[in-house]
Amino acid sequence: MTTSTKKGRAVDPERIYDLLLGARTASECTLHFKDGRVMRGALVFNQFKGTGRLINVDDEVSVDFAVDELRDLKF
């Protein structure tokens, strides 16, 4: 797989930032990380620091992340 193919699937950081701002009111969202992880849960996002936390109550898991670690976001 070429670098351009990988870039074609990635969402630019500004768009991810906008999606994160919109997802704050969603009851649940799915984060796709650049390292291949896919996690689902409630989102807490600090727009000033560009960091957040995804909380999955059912699995009792929470993950801290930075915007530049994300590949995509669905909600």
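Predicted model: local features only at pLDDT ≥ 70, side-chain atom pairs only at ≥ 80, totals over all residues.
Modeller: Local features need pLDDT of at least 70, side-chain atom pairs count only at pLDDT 80 or more, and totals for chains, interfaces and linings use all residues. Residues are numbered from 1 along each chain as its sequence is written, and side-chain values use heavy atoms, with hydrogens and water left out.

Biologist: How many aromatic pairs are there by the rule?

Modeller: Two. Rings of Phe, Tyr and Trp (its six-membered ring) pair if their centres lie within 6.5 Å; planes under 30 degrees apart are stacked, over 60 edge-to-face, the rest tilted.

Biologist: Why is Phe45 called buried?

Modeller: Its relative accessibility is 8%. Buried means under 20% relative accessible area, exposed over 50%, partly exposed in between (1.4 Å probe, protein chains only). Tyr17, at 24%, is therefore partly exposed.

Biologist: Why is the pair of Phe33 and Phe65 edge-to-face?

Modeller: Because the planes stand at 80°, with centres 6.4 Å apart. Phe33 lies in strand 1 (residues 29-33) and Phe65 in strand 4 (residues 61-66), so the pair ties together parts 32 residues apart in sequence. Phe33 is buried at 1%. Phe65 is buried at 3%.

Biologist: What sits over the ring of Phe33?

Modeller: The charged end of Arg37, 4.1 Å from the ring centre. The rule wants NZ of Lys or CZ of Arg within 6 Å of the ring centre and within 35 degrees of the ring normal.

Notes: Helix = DSSP H or I, 4+ residues; strand = E, 2+ residues; numbered from the N terminus.
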